[in-house]
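Q: Hey, I've just opened this one and I'm new to it. Can you walk me through a few things?

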Amino acid sequence: MENVISAKNISVSYGKTQVLFQVDLQVKQGEYLGIIGPNGGGKTTLLKAILGIVPIAKGEIEVFGAKVREHGNLIGYVPQLSHANREFPISVVETVLTGRTKKKIRPFYQYSKKDIEIAQQQLEFVGLKDYRNRQMEELSGGEFQKVLIARALAVEPKLLILDEPTASVDAKSREEIYEILDQLNHDKTIVMVTHDTMAIASSVKSIACLNHSLVYHGKPALTPEAVRDLYGCPIDLIAHGIPHRVLGDHNHGEIKE
Amino acid sequence: MIEALKTYEFLQNAFIAGILASIICGIMGVIIVEKKMIMMTGGIAHTAYGGVGLGYLLGFEPIIGAFAFAMLSALGIGHIKRKGGIQADILIGLFWSFGMALGILFLAKMPGYPPDMNSYLFGNILAVTHGDLLQMAILTAVVIITILALFTYVKGYLFDEEFIWILGVKTEVLEYILLLLIAITVVALIRVAGIILVISLLTAPAAIASFLSNKMKTRIFIAIGFGLFFSIAGLIISYYLNIPTGASIVLLAVSTYFVFYVFHNMREKAIQKQNV
């Protein structure tokens, strides 16, 4: 299978702080990857490096076999909700339409009929068809997040990159978002940063654990040792309300010794 | 007042200047307030003082000096900010004081009696000439046409710069264009509000508009409306109370903002109570 993302030996620093250290990550086509790890462990930085927003000090990143930002519009990006300007005066459909923005700045540019059609379809897909003329400011966190997903889909991407899509979102929206992502995974590769154990337990096909370097990448059945490396202490990664263990059985007492 | 308006050309000029200033403030004010570039605008405006001083020293039109300095500081701030390594507000603070200091230095080195700088610092809408009006009209037209031409992109840039950058849009070009438009705005407004007071004309109408509408285009029109009210009512107040026009316009604008702020807060609280 073809590699959608191929990151080789990448390191990223902010000033003197090294955030990512020699990270190797290959993401195959059709993968649904959850990136987990402690706060400040470089999860968002890794996404931004893949997107080209953050420059890498060392290493190489290719997306669809091309250098960063040269792959055409194959990536749909859903940023963290908490970083979005929730008060900005823009309507729902206008927000989704920004996903159709053409690369080349042309004076007096207007979106085409086809662009508007695509935007409508994506709004319908995320279940917000009737919200098109509302202002973004009026939306709940969950609705806002779904509009951001619709915007990323309006790009018509093959790879979807999401940064904590269910943080600060109500429980119902959270489930709906996972349903949306499950459906999208039929024909799109998904990479998602998450803190949500429910997602790790039931949605994603593989996980990557990041704590400045890549601790683990594979099926979502973590070894206790890997978790200890990741968080510095043993943690039960059990999804609430779901009888599904992320970790294999382990004993706290044994690990402590 | 009406009689005086019919008789005196300088009053007619002042009214036209007020209208042009309101249009440019409404458009650019909404953008500046949304992108949180108020302090950057202040920096660019104050750097322009250096250009005014240089104009007096070398004997050319001070407004041209202000224009050149505002443009250079806009490009300079944009460039250094883009290269990184300096916190934006440090950079702005340095440009701000450096430009003012240069202005003072140039004026001190100027032969003869130093000119009255009040009209550049605080504006004097009553001293606006035909030439000033023509210059303001051209600059206003440049701002309107540029924003209309790029509205789709500007909106995308203001809402989420990173997202359209990922799509391959050259957001740095948009940023420079906006910075240059800010420089143009500052120069167009110097006659009316002066370097120091220009900030309130850009801030107050746009900030009030953000209380009243959550649509960007509507905000621009509301801001233009308030700008008109402030400049014309300010003019009338200054006429009857015999106070400087710059001060009366700004005092009116800022106090109106606070009235709206109090009402807005009361309404928000009432809504919160209802929801509980």
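A: One term before we start: helices here are DSSP runs of H or I with at least four residues, numbered from the N terminus. With that in hand, B:Met266 sits in helix H10 of chain B, residues 245-275. Keep in mind that this is a predicted model.

Q: Which residues form the negative patch?
A: That one is made by A:Glu87, A:Glu137, A:Glu138 and B:Glu268. A:Glu137 lies in the loop between helix H3 (113-125) and helix H4 (141-154) of chain A.

Q: Switching to chain A as a whole, how many helices and strands does it have?
A: Eight helices and ten strands. Of its 257 residues, 53% are buried.

Q: How many salt bridges are there over all chains?
A: The count is 13. In one of them, A:Arg100 meets A:Asp115 at 3.0 Å, N to O. A:Arg100 is in the loop between helix H2 (92-97) and H3, while A:Asp115 is in helix H3 itself, 15 residues apart.

Q: Is that pair buried or exposed?
A: Buried: A:Arg100 has 12% relative accessibility and A:Asp115 has 3%.

Q: Which lysine does A:Asp115 also form a salt bridge with?
A: A:Lys102, with the closest N and O atoms 3.4 Å apart. A:Lys102 is partly exposed, at 29% relative accessible area.

Q: Back to chain B. Where is B:Tyr176?
A: In helix H8, residues 171-212. B:Tyr176 touches B:Leu75, B:Gly78, B:His79 and B:Arg82, leaving aside residues up to four places away in sequence. B:Tyr176 is also 9.9 Å from B:Gly76, C-alpha to C-alpha, though the two are 100 residues apart in sequence.

Q: You mentioned B:Arg82. Which residue does its side chain meet in a salt bridge?
A: B:Glu175, at 2.9 Å, N to O. This pair links distant parts of the chain, with B:Glu175 in helix H8 and B:Arg82 in helix H4 (residues 62-83), 93 residues apart. B:Glu175 is buried at 8%, whereas B:Arg82 is partly exposed at 40% relative accessible area.

Conventions. Residues are numbered from 1 along each chain as its sequence is written. Chains are lettered from A and ligands numbered from 1 in the order in which they are written. This is a predicted model: local features need pLDDT of at least 70, side-chain atom pairs count only at pLDDT 80 or more; totals for chains, interfaces and linings use all residues. Side-chain values use heavy atoms; hydrogens and water are left out. Helices (H or I, at least four residues) and strands (E, at least two) are DSSP runs, numbered from the N terminus. Contact means heavy atoms within 4.5 Å. Patches are made of residues with over 30% relative accessible area and no salt bridge: like charges are joined within 9 Å, nonpolar side chains (Val, Leu, Ile, Met, Phe, Trp, Tyr) within 5 Å. Accessible areas come from the Shrake-Rupley method with a 1.4 Å probe; for residues, only the protein chains shown count as cover. A salt bridge is a side-chain nitrogen of Lys or Arg within 4 Å of a carboxyl oxygen of Asp or Glu. Lys and Arg count as positive and Asp and Glu as negative; His and the chain ends are not counted. The place of a charge is taken as NZ of Lys, CZ of Arg, CG of Asp or CD of Glu. Buried means under 20% relative accessible area, exposed over 50%, partly exposed in between (1.4 Å probe, protein chains only).
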